[in-house]
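Subject: Structure for your review

Dear colleague,

Please find the structure below. I would be grateful if you could read the notes that follow with the structure open beside them.

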Amino acid sequence: FWLKRAVGLQSVWASEGGSRINRMRNFFGTAPKAKAAPQPQVSLDEGLGKLDQSIQAIDEKLAQCEQDLQKLKQEMAKGGSAKTSATQKAMLVLKRKKMLEQQRANLGGTQFNLEQVQFTQQSMQTTALTVQALETAVTVQKQQMAEIDIDKVADLQDEMADLMLDANEINDMMSRNYNIGNGLDDADLDAELQQLQDEVALDQLSGVGPSYLPTAVPGAAPGEVAAETDPSAPAYLVS
């Protein structure tokens, strides 16, 4: 009985002590938990650079595996105990080569995914820059249009049209025909021209120059004509 009572009192004291501790925690509050240090952010370029380095390291290891296999192939060709040892080594090298090829394939897939993300990010940045450029262009055009008076432009167009009409009218006036020579008959002109041609042909046959040309002076030097004795003769007929 006394043992049970002691155990009961102990449990009551424990519960009262726990509740008293909880009340103290609620009153004073608990100590703040330490915040985890922020993880450094890695850009896509840095991630792709590390992937390139990893892939390059794997390629170097694959090249070394190829060299080892060539050497082991030569040892296997010798036969005997060397062939057995070389065969076991070649099996290990082949396993290592397969593992490296799998790792390279995984890294290649990861690299492709990152390149797709980078391309999408660059496309979004280009689109954002294009939108900003369009907004700037629209703002500038609005400012320029605010400085232009449409009514004034229409008035200028009307004035320009009037000036063009005046210019055309002036050109028509300057090129006007004043009916000079309209009284002449083409048939009469053709008849006189034909008569003149007949006279020239007749004079050529008779050896006499045309009636409108001066005759040579007897005993004069070649080229000397009657114009020398006639002061009224034109100067271009005198040689």
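M145 is exposed, at a relative accessible area of 52%; here buried means under 20% relative accessible area, exposed over 50%, and partly exposed in between (1.4 Å probe, protein chains only). This is a predicted model, in which local features need pLDDT of at least 70 and side-chain atom pairs count only at pLDDT 80 or more, while totals for chains, interfaces and linings use all residues. Residues are numbered from 1 along each chain as its sequence is written, and side-chain values use heavy atoms, with hydrogens and water left out.

M145 belongs to helix α3, residues 81–146. Helices are DSSP runs (H or I, at least four residues), numbered from the N terminus. Together with I148 and V153, M145 makes a nonpolar surface patch of about 270 Å². Such patches are made of residues with over 30% relative accessible area and no salt bridge, nonpolar side chains (Val, Leu, Ile, Met, Phe, Trp, Tyr) being joined within 5 Å.

The 66 residues of α3 should span 98 Å at 1.5 Å a residue, and its end C-alpha atoms are 96 Å apart, which agrees. The expected span is 1.5 Å times one less than the number of residues. Helix α4 (residues 150–174) has 25 residues and reaches 36 Å from first to last C-alpha, close to the expected 36 Å.

Which part of the structure do the buried residues of α3 pack against? They pack against α2 (44–76). Among the buried residues of α3 are A86, A90, V93, K97 and L100.

K97 is buried at 17% relative accessibility. Apart from neighbours within four places in sequence, K97 is in contact (heavy atoms within 4.5 Å) with L62, C65, E66 and L69.

How many salt bridges does a search of the whole structure find? There are two, a salt bridge being a side-chain nitrogen of Lys or Arg within 4 Å of a carboxyl oxygen of Asp or Glu.

- K97 pairs with E66, and the closest N and O atoms are 2.3 Å apart. This pair links distant parts of the chain, with K97 in helix α3 and E66 in helix α2, 31 residues apart. E66 is partly exposed, at 33%.
- D59 pairs with R104, and the closest N and O atoms are 2.5 Å apart. D59 lies in helix α2 and R104 in helix α3, so the pair ties together parts 45 residues apart in sequence. D59 is partly exposed at 30% relative accessibility, and R104 is partly exposed at 33%.

Yours sincerely

Technical notes:
Patch = residues over 30% accessible without salt bridge, like charges linked within 9 Å, V, L, I, M, F, W, Y side chains within 5 Å. Areas by Shrake-Rupley, 256 points an atom, 1.4 Å probe, with all protein chains shown as cover. Helix = DSSP H or I, 4+ residues; strand = E, 2+ residues; numbered from the N terminus.
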